[in-house]
Amino acid sequence: MARDTVETHFTQAVATLKAGPPRDPALPVHEGGALTGEQCMTLFLRQLDSRLLDIAARWLRERDEGYYTIGSAGHEGNAAVAAALRPTDPALLHYRSGAFYLTRSEQAGRLPEQGIRDVLMGLTAAADEPIAGGRHKVFGHPDLAVIPQTSTIASHLPRSVGVAFAIERAAAVVTPPRWPADAVTVCSFGDASVNHASAQSGFNTASYATYQGQALPLLFVCEDNGIGISVRTPKGWVESALRRPGIEYFAADGCDLAEAYDAAVRAVRHVRERRSPAFLHLTTVRLMGHAGSDVEQAYRTQREMKADLERDPLVRTAALLVEGGQSTPEELLKMYESQREHVLRLALETTRSPRLGSAKEVMEPIAPRKPELIAKISPTAASPAEREKAFAGALPENDKPMTLSQAVNRTLADTLTVYPEMTVFGEDVAKKGGVYGVTRGLQKRFGPGRVFDTLLDEQAILGLALGAGVSGLLPVPEIQYLAYLHNALDQIRGEGATLSFFSRGAYLNPMVVRVAAYAYQKGFGGHFHNDNSVAALRDIPGLVIASPARPDDAAAMLRTCLAAARTSGSVSVFLEPIALYHTRDLFEEGDGGWLAPYAPPGRWPETHVPIGQARSYGDGRDLTIVTFGNGVRMSLRAAVRLTQEGYGCRVLDLRWLAPLPMEDLLRAAELTGNVLIADETRHTGGVSEGIIAELADAGYSGKLARVTSSDSFIPLGGAADHVLLSEAEIEQAARKLLG
């Protein structure tokens, strides 16, 4: 329906209201209710501002000065939810949360006009908008505990579970804590989003945690207008879908401010006092369509739209005020016209605000790393006494040389000792110690509060990490296999990697995602345990992708990733080659060439590898083999045989797949003028494509070739050898390149 229709209906409906006798504003507007006349007027004003912002959004779009028209009209009842909460309660909001945001802004002591300006600057992509800085229209503010949501619908629900999970844990170890220890997390969404896999993951995880007696102070708020763009939600479906074990259910008419407030107060009290989750189901309406470009008449009848208009929450709050003796129709209509003029004037002023003027400005908050600080923090060690206790007197640097798996294990123990906010979790990581034993013994040393198993759901694992990170913890989630990461990639792509970008660094979700990766493991084959595809990770802006091959590199690079997370809020994916976990030898059986002594934290430079720095082996001048992961060992073995044939070879281990170590890569390429890329990922979309492009962009003019795995899934047994990169293929390609 058109905005003119909505505005005309409001003025006509309010004009016909009959004023009741004057009533003390300190009294409830309903007998037995909690909402007072004074509160009702305050919330009406914020509801009114939210409605007028929707009017302004359409007006700005018509002038080609505004860029977002998904509005909150019909959902203004969420002001009641904000009023029932504290301004320090973390909020992850639905995109129809205008009235909630404005109410929260005023609760925090800001002038009403400040909240209005925030939203208008978002609508006009103003560079000085306080959260995204013109990069997107979101509800968020660092001073209001409103975490901006920017990804696909419902993808914020797994994160909200993580925030609730982290509240009390973070308050115990983070100074100052991001949220008060008795805070409540609120997460709102629409009725159509209930069906999304991300939403189901969030609901299930909350129920699962509560079933086991864990504290999870989380209020899910479903604002149910009965339609998702054009698809109707079956009547009764939302209530049926929201009734879950361990999650209390509350419901109210979201168009009735007093009823919504009463239900919100009860729901918030339940969550805050019991530290247990709840659903608040608010039935609402959607006015003015899904967005400005939406032609509702194509899929809704006039009767349906008129029925929604009759439930307009702004009219119904006006009726509460007029019939409850708090105001008159004339006063409210005068207020409407005056505020309408004021909001449109502010909107016009906002169009004159500066916009982002360059790619550099746009990209500035993507990955704000601090290399010098990372280098300083990376080797940080706990006190000698703390390390002695953590390792039960058997310090790893005094042990014999280690495998990659052992090096990662000892590094996790060392960093858990020095970072009290660090947590390690995932499927089977606790008592079992992971499928490959990488986390063995950590729970026993550091307790189930810091090293714990999760349910089998990658979205839940990453959502938990996202919420923990934004709450001040240092999460190290484990994804059991690389193929499983794709089940939940949007939690990294759409949530984790975008948060700094869309909040100008005001909110960060530091984490290091450990992944058992790549192929070549013996006796345990098949695609899902031998995936070799990283293409979906490499194009995520700002994401760090670490790919260590050797034990000493794994230890140092893990410390670097943790330091980057801790100092800069970096999101890193740490790819651990499964086939190299327990590898001991390099050239011959028993040579121990793939083992390395453990360098204790504090020893420089063994305990720090700068992000984007490669490692070079050999000094040959005939051929540079560029590789990573399993390819390092294969290339070193091939290089020895090629050297015996008279070719001088050097091998460059990239170590970092994003960002690529371009300076080291170009230097190594130009030293020989012959570059062979040995890439264990797929021919199409593999890492070698990016390397070739980067070398071309840098002006490399020498000879260049690549050898890769096939564009295939990995089969069982010996059949895998037909599609995976091999040492023989590396040698053959090298000889061909060298002529």
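Reader: Nice. How many bridges join strand β3 to strand β4, and how do the two run?
Author: Strands β3 (residues 185-190) and β4 (residues 218-224) run parallel and are joined by 6 bridges. Strands here are DSSP E runs of at least two residues, helices are H or I runs of at least four, and both are numbered from the N terminus. Ser188 stands opposite Val221 in β4.

Reader: What should I know about the model itself?
Author: This is a predicted model, so to speak of local features pLDDT must be at least 70, and side-chain atom pairs count only at pLDDT 80 or more, while totals for chains, interfaces and linings use all residues. Residues are numbered from 1 along each chain as its sequence is written, and side-chain values use heavy atoms, with hydrogens and water left out.

Reader: Back to the strands: what order does the open sheet have?
Author: The order is β2-β1-β3-β4-β8-β7, 6 strands with parallel pairing. Two strands pair if DSSP finds at least two bridges between them. The edges are β2 (146-147) and β7 (248-253), each pairing on one side only.

Reader: New topic. Is α11 enclosed or open, and why?
Author: Helix α11 (residues 313-323) is largely enclosed by the rest of the structure, because 9 of its 11 residues are buried. Buried means under 20% relative accessible area, exposed over 50%, and partly exposed in between (1.4 Å probe, protein chains only).

Reader: What do those buried residues pack against?
Author: The buried residues of α11 pack against α1 (3-15), α2 (37-62), α9 (257-274) and α12 (329-350), with contact meaning heavy atoms within 4.5 Å. Among the buried ones are Pro313, Leu314 and Val315.

Reader: And what follows α11?
Author: Gly325 follows α11, and its phi is positive, near 75°.

Reader: Where is the kink in α6 centred?
Author: On Ile167, with a kink of about 45°. The bend at a residue is the angle between axes fitted to the seven residues ending there and the seven starting there. In α6 (residues 156-173), 13 of the 18 residues are buried, so this helix too is largely enclosed by the rest of the structure.

Reader: Which residues have the most contacts inside the largest nonpolar core?
Author: Phe220, Leu575 and Leu654, in a core of 138 residues. Helix α22 (residues 551-568) gives the most to this core, with 9 residues. A nonpolar core is a set of buried Ala, Val, Leu, Ile, Met, Phe, Trp, Tyr and Cys residues joined through side-chain atoms within 4.5 Å. A second, separate core of 67 residues includes Val221 and Tyr336.

Methods:
The expected span of a helix is 1.5 Å times one less than its number of residues.
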